[in-house]
Amino acid sequence: MMLRKRLGVLLCMALIGTGILAGCGAKEDEEPKKVIRVYSNRTESHVAYQILQDIIQQYQKEVNPNFSAEFETEPNLDQYKNKLKLYIGGDELPDLFQIDRGPIAEELTKQNKLVNMDEQLEKAGLTDSLNAGCRGYVENDDGSLYIMPEARYGNTFFYWKDQFAAAGIQETPKTFTEFLAVCEKLKENGAIPLGVTGKASWNLLHVMYLPSWSVTGNDWLQQAKKGEIRFADQDVVQDSVNFLYKLGESGYFPAGFGNIEYTDIMNGFLSGQYAMAWSQSVYLSQFSEAYDEGKLGFFTIPVNDNKPEYVQKGTMAIHTGISWALNKETFDEEMERFYQFLLKHYAETCYKYDTFPQFDLDPPEDKPQIMQDYYEIMKQQTISWSNWDDNCDPITCQLMDDLVKQLAQGMLTPEEFLSQIDESAAVNGAEYFKQ
């Protein structure tokens, strides 16, 4: 191996000397050395990590071989957020890091610590290509854009058709009342109805939000987060909290779900341990074979049928994962050159990893059928997903993340959950969002 390396170097030097391979070693001497620090919630197994690594390698090969990145990853989202707060407090922001839309991102924007993404999109000629729903998911309340979507994801329920058939279920549920009935039939037949994790608060929160978000979006949230109106007084909020509580109380979740990681939940679902899973489009390639064989299917968000006046606004939860932000203080000429390269190569690299990009671009024809079918529904969505917790002040956000785990495990009632959230928003939210 060593001899082969030395021969390769000698050959390269010889070719340079003869002019046959001009620039074989010269380009490396000409390009600036740059090492960036990346802090990510994604690990090597996640497509967003793989996409970024791929683009870095493309950039090294095509533009600057002296460019490299040092990655720090924290897969647990709650722990990731806590450490990010420490970096912010210590004025140690990484060059490139992930952050959700919400008060913390807005505060960094006000402090002029983030790079303006609209300016970067304009330079790349991609302003009109960014999907409107993706933009709506990440832009600040004033419409400014300082964080960039990680990708374009769609969440729905996935299910195993044989488990539904064995329980006598002939159709997928169209309403949340039917959804609960389906869960009961599956349980009676010996199946575990819904795989969820209690270790990652977002998974439980997503399921809880559904009866509210699908019929209202989050129109009421801008007032509730400031304590101007009460969470508990919103009918759809009560529907949502009661829905999650009912699922947990009825035993529709896996035993010990509070200690199971999300990756283990998805591995369990893929092996048939759970009849259903609330999952996102990053798993479509893993679902593809079973989908083609007619074993696995998906269904869109049921309708909240508690009141006839409820109008369904969304049938697939469109979101962008945890977004990317750039540290303005360290955003030098070479970092901008890399980021412009990234923007221009992002969409095609996303599809390389069977992931929908945040830019409007249909899937290539050779992509799996499940991706083609999923994208048809994705294109129909007019509103993007939004999380209650991320919109609240940091203290109320953390409280909600903690309390939802207790709610799902029956450790507190829906009334107690809402009471504590309202108490926090009335004090902490009112102060945090005070003009």
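Mentor: We begin with a term: contact means heavy atoms within 4.5 Å. This is a predicted model, in which local features need pLDDT of at least 70 and side-chain atom pairs count only at pLDDT 80 or more, while totals for chains, interfaces and linings use all residues. Residues are numbered from 1 along each chain as its sequence is written, and side-chain values use heavy atoms, with hydrogens and water left out.

Trainee: Which residues of α18 and α19 meet by that definition?

Mentor: On the α18 side they are P394, I395, T396, L399, M400, L403, V404 and L407; on the α19 side they are P414, F417, Q420, I421, S424, A425, N428, G429 and Y432. By class, this contact has twelve nonpolar, five polar and no charged residues. Here Ala, Val, Leu, Ile, Met, Phe, Trp, Tyr, Cys and Pro count as nonpolar, Asp, Glu, Lys and Arg as charged, and the others, Gly among them, as polar.

Trainee: What makes α18 and α19 helices, and why are they called roughly antiparallel?

Mentor: Helices (H or I, at least four residues) and strands (E, at least two) are DSSP runs, numbered from the N terminus. Helix α18 covers residues 394–408 and helix α19 residues 414–432. Axes are lines fitted to C-alpha atoms, for helices over the stretch in contact, and angles run from 0 to 180 degrees between N-to-C directions. Angles under 35 degrees count as roughly parallel, over 145 as roughly antiparallel, 65 to 115 as roughly perpendicular and the rest as oblique. The two helices pack at an angle of about 170 degrees, with their axes 9 Å apart; they are therefore roughly antiparallel.

Trainee: Why do β2 and β9 count as edge strands?

Mentor: Two strands pair if DSSP finds at least two bridges between them. The open sheet has four strands in the order β2-β1-β3-β9, with mixed pairing. β2 (67–73) and β9 (323–326) each have a single partner strand, so one side of each is left without a neighbour in the sheet. As for β3 (residues 96–99), four bridges join this strand to β9 in the antiparallel sense; W324 in β9 is the bridge partner of Q98. Helix α15 (residues 333–352) packs on this sheet and touches β1 (34–40), β2, β3 and β9.

Trainee: How do you know that β6 is mostly covered?

Mentor: Buried means under 20% relative accessible area, exposed over 50%, and partly exposed in between (1.4 Å probe, protein chains only). In β6 (residues 274–280), seven of its seven residues are buried. Five bridges join β6 to β4 (residues 153–160) in the antiparallel sense, whereas three bridges join β6 to β5 in the parallel sense.

Trainee: Why is N189 called partly exposed?

Mentor: N189 has 42% relative accessibility and therefore counts as partly exposed. N189 lies in the loop between α9 (176–188) and β5 (192–195). Leaving aside neighbours within four places in sequence, N189 is in contact with A166 and A167.

Trainee: Are C134 and C397 buried or exposed?

Mentor: C134 has a relative accessible area of 1% and is therefore buried. C397, at 11% relative accessibility, also counts as buried.
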